[in-house]
Amino acid sequence: HAAAATGRPFPLAFRDYAARTARERGAARLGALARLEGAMAEARRALLRRPLAARGEMVLAPWVRLVTLPAGTHALAETHHAGRPTREGALAGGERETLLVVATEPPPPPGGLREVRVETLAPLVAAFLATAERPAAVSTWSRFAARRGLAPDDVEAVAREYVAERVLLLG
């Protein structure tokens, strides 16, 4: 009811309800799926207002989310979406996975929603993309590489791929 009164998107209100219910019932699988679905809803609507990148900076696009969840959440969500039965049990203990949630761009026609893709990121890629959740200087690429003993050209190549996919935006 509050969502209707405030104009808040119903999927986000449902995410909050499902997350609260999951906490109350100790249902980790439901909570993880609710967080993932909420991130997908935010990305579809490009709801996160990130500051724009200034010249020489990079930032994640408004239609991109990084979400860290219990390991196995992505596989569980794919199983649910495919309508296949899932086995009972917990997700992968205390292990975590970071998922990249990307909505298609440009925006759909009025009243439409963007398609969304979700992929599991390698921890190193997740750490790199997290540096761009707020505008960051492109020189972050070389500092990131140096701190991890990587070749700066390799990090730049990965970054350029994400720029080409419009996951990262350059100012």
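The axes of helix H2 (residues 10–25) and helix H3 (residues 28–45) come within 8 Å in this predicted model and cross at roughly 165 degrees, where axes are lines fitted to C-alpha atoms, for helices over the stretch in contact, and angles run from 0 to 180 degrees between N-to-C directions. H2 and H3 are therefore roughly antiparallel to each other, a term for angles over 145 degrees, with under 35 counted as roughly parallel, 65 to 115 as roughly perpendicular and the rest as oblique. The crossing of H2 past H3 is left-handed, that is, the near helix is turned anticlockwise from the far one by less than a right angle. Helices (H or I, at least four residues) and strands (E, at least two) are DSSP runs, numbered from the N terminus.

Residues are numbered from 1 along each chain as its sequence is written. Because the model is predicted, local features need pLDDT of at least 70 and side-chain atom pairs count only at pLDDT 80 or more, while totals for chains, interfaces and linings use all residues; side-chain values use heavy atoms, without hydrogens and water.

The pLDDT, the predictor's confidence in each residue from 0 to 100, averages 85 over the protein, and 89% of the residues score at least 70. Confidence is lowest in helix H1 (residues 2–6), at a mean of 67, and highest in H5, at 96. Where pLDDT is low, the predicted coordinates should not be read in detail.

Strand S2 (residues 64–70) and strand S3 (residues 96–103) run antiparallel and are joined by seven bridges, whereas at least two DSSP bridges are needed for two strands to pair. Thr-68 has Thr-98 in S3 as its bridge partner. Six of the seven residues of S2 are buried, meaning under 20% relative accessible area, with exposed over 50% and partly exposed in between (1.4 Å probe, protein chains only).

The structure holds one aromatic pair. The ring centres of Phe-128 and Phe-144 lie 5.3 Å apart and their planes stand at 70 degrees, so the pair is edge-to-face; rings of Phe, Tyr and Trp (its six-membered ring) pair if their centres lie within 6.5 Å, and planes under 30 degrees apart count as stacked, over 60 as edge-to-face and the rest as tilted. Phe-128 lies in helix H5 (residues 123–130) and Phe-144 in helix H6 (residues 140–148), so the pair ties together parts that are 16 residues apart in sequence. Arg-143 is also found in helix H6.

| Residue | Relative accessible area | Class |
|---|---|---|
| Phe-128 | 3% | buried |
| Phe-144 | 2% | buried |
| Arg-143 | 43% | partly exposed |
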